[in-house]
Amino acid sequence: MNIFITGGNRGIGLEFVKQFVSKGNTIFASYRNPNGISELESIKATYPNNLHLISLEVSNPESVQNCYNIISSQISKLDLLINCAGIISGGSQRNYPLGTMAAEDIQRVFSVNAISPLRICEQFLPLLEKSDMPRIINISSKMGSIGLKKVTGNYSYCASKSALNMFSKMMAIDLQDKNITVLTFHPGWVRTDMGGQNAEISPSESISGMITAIFSHTLEDSGKFLDWNGKELPW
Ligand SMILES: NC(=O)c1ccc[n+]([C@@H]2O[C@H](COP(=O)([O-])OP(=O)(O)OC[C@H]3O[C@@H](n4cnc5c(N)ncnc54)[C@H](OP(=O)(O)O)[C@@H]3O)[C@@H](O)[C@H]2O)c1
């Protein structure tokens, strides 16, 4: 399979790269900061023909176009697109409760977490359409679930993921006729830079669970919002 993973240099994206490349797939992994790719480079040393590293700033349309041009010059079809890159508000203050939030922060987080995955999906449709069984996986968060919302806090992050959820659901409807399955995942609370070291599960557990769930769902399930272990979540 040909797989493209955004935010592949750290955390959840990096673990997707590790697990998929070790199974013999061809992986295109994007990174933003060339100084933060030492782990990716060491994986590439083991799988030089199967792992390709590509610079991408997801919120920059030119960068997305450039990334598409590079990938489409190397493969004729894309089987799996994983939109994983994301941010949780800015600076050291992660929580922007009512009364302290900044519009600029909301715009930046929306741009990276919601608008960028939509743009990347649109850009990569021509390659996805050439696959026999194309899939789009959007990595969202339970924090974006309106149905599960019990505690408040981080307005920008939560609402950006709600927007991503809506984009995913709408794409699932629009892309049904093109046989493209769109699934939205909460990866769990995962031990990464974003999740912190007190998080509940390891990247390995999260990604193993999501990979099993990705391939146990078909076009009929397109549009579902799933927990990392495949359990359906309320929007
Ligand atoms: N960890 C959790 O508990 C948890 C829970 C729910 C949902 N999620 C979601 O899972 C996804 C991955 O999270 P994580 O825990 O792996 O986070 P992480 O460790 O902070 O990694 C974030 C990744 O996204 C990339 N990224 C951020 N902004 C970008 C941009 N503008 N352009 C390109 N790449 C960008 C980062 O690249 P750089 O290295 O260049 O910064 C990095 O590769 C996110 O969408 C997050 O919201 C995580």
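In this predicted model, strand β6 sends Thr-181, Leu-183 and Phe-185 to one side and Val-182, Thr-184 and His-186 to the other, and all of them are buried. Side chains in a regular strand alternate between the two faces of the sheet. Because 6 of the 6 residues of β6 are buried, the strand is largely enclosed by the rest of the structure.

The neighbours of β6 in the sheet can be taken in turn. Strand β5, residues 135-139, runs parallel to β6 and is joined to it by 5 bridges. For Phe-185, the bridge partner in β7 is Leu-226.

β5, α5 and β6 form a right-handed β-α-β unit. β6, helix α6 (residues 203-216) and β7 form a left-handed β-α-β unit.

Most residues other than glycine have a negative phi. Is Asn-179 buried, partly exposed or exposed? Its relative accessibility is 45%, so Asn-179 counts as partly exposed, since that class lies between the limits of 20% for buried and 50% for exposed. The residues of β6, by contrast, are buried, 6 of the 6.

Terms used. Residues are numbered from 1 along each chain as its sequence is written. This is a predicted model: local features need pLDDT of at least 70, side-chain atom pairs count only at pLDDT 80 or more; totals for chains, interfaces and linings use all residues. Side-chain values use heavy atoms; hydrogens and water are left out. Buried means under 20% relative accessible area, exposed over 50%, partly exposed in between (1.4 Å probe, protein chains only). Helices (H or I, at least four residues) and strands (E, at least two) are DSSP runs, numbered from the N terminus. Two strands pair if DSSP finds at least two bridges between them. A crossover is right-handed if, with the strands pointing away from the viewer, the path from the first strand over the helix to the second runs clockwise.
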